[in-house]
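Here's a quick tour for anyone meeting this structure for the first time. Take a look at it, and then we'll walk through it together.

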Amino acid sequence: MTKQPEALKMIYWLEDEDVGVGYTDKEVAAKLRHLHEVNAELVEALKKVRIFVSSQEKVKHPEGVAWYDEIIAKATGETE
């Protein structure tokens, strides 16, 4: 993925700006970084499920693998 995720853009901004919400910028940045990592793990797991489902003739999602593709694209910021 060549596009930088929005969460990472926010991290870099937060590390340089004063948020003023009771947390330090570094605490907020650490939390966003953690959430980005968890999201990336979940996307990879969903990609594996998509591959499995697409290989099974008896197991079909009503909308086919396009549903998985849409969710993956949304999670990675490839669509709006």
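How much accessible surface does the chain have, and what percentage of it belongs to carbon and sulfur atoms? The accessible surface comes to about 6,300 Å², and carbon and sulfur atoms account for 57% of that. Keep in mind that this is a predicted model.

Let's get the overall layout. The chain has three helices and zero strands, so reading along the sequence gives you the pattern α-α-α. Of the 80 residues in the chain, 19% are buried. As for contacts with a separation of 6 or more, 31% of them are between residues 24 or more positions apart.

Now for helix α1, which covers residues 6-16. Here L8, I11 and L14 are buried. Looking down the axis of α1, you'd find its buried residues within an arc of 120°, which means they line one face of the helix. There's a general rule to remember here: an α-helix has 3.6 residues a turn, so residues three or four places apart point the same way. Over on the other side of α1, E6 and D16 are exposed.

What do the buried residues of α1 pack against? They pack against α2, which covers residues 25-55. That brings us to the largest nonpolar core, a set of six residues: L8, I11, L14, V28, A29 and L32.

Next up are the aromatics. The structure holds one aromatic pair. W67 and Y68 form it, in an edge-to-face arrangement, with 4.8 Å centre to centre and 85° between the planes. The two partners don't fall into one burial class: W67 is partly exposed, while Y68 counts as buried.

Last stop is T76, which sits in helix α3 (residues 66-76). Is T76 buried or exposed? T76 is buried, because its relative accessible area of 15% is under the 20% cut-off. A polar atom of the T76 side chain also lies 3.3 Å from the backbone oxygen of A73.

| Residue | Relative accessible area | Class |
|---|---|---|
| W67 | 30% | partly exposed |
| Y68 | 8% | buried |
| T76 | 15% | buried |

Terms used
Residues numbered from 1 in each chain as written. Predicted model: local features only at pLDDT ≥ 70, side-chain atom pairs only at ≥ 80, totals over all residues. Heavy atoms only, no water. Buried < 20%, exposed > 50% of the residue type's maximum accessible area, 1.4 Å probe, protein only. Helix = DSSP H or I, 4+ residues; strand = E, 2+ residues; numbered from the N terminus. Arc of directions from axis to C-beta. Contact = heavy atoms within 4.5 Å. Phe/Tyr/Trp six-rings, centres within 6.5 Å; stacked < 30°, edge-to-face > 60°. Core = buried A, V, L, I, M, F, W, Y, C linked by side-chain atoms within 4.5 Å. Areas by Shrake-Rupley, 256 points an atom, 1.4 Å probe, with all protein chains shown as cover. Polar contact = N/O pair within 3.5 Å; in protein donor to acceptor, adjacent residues only side chain to side chain.
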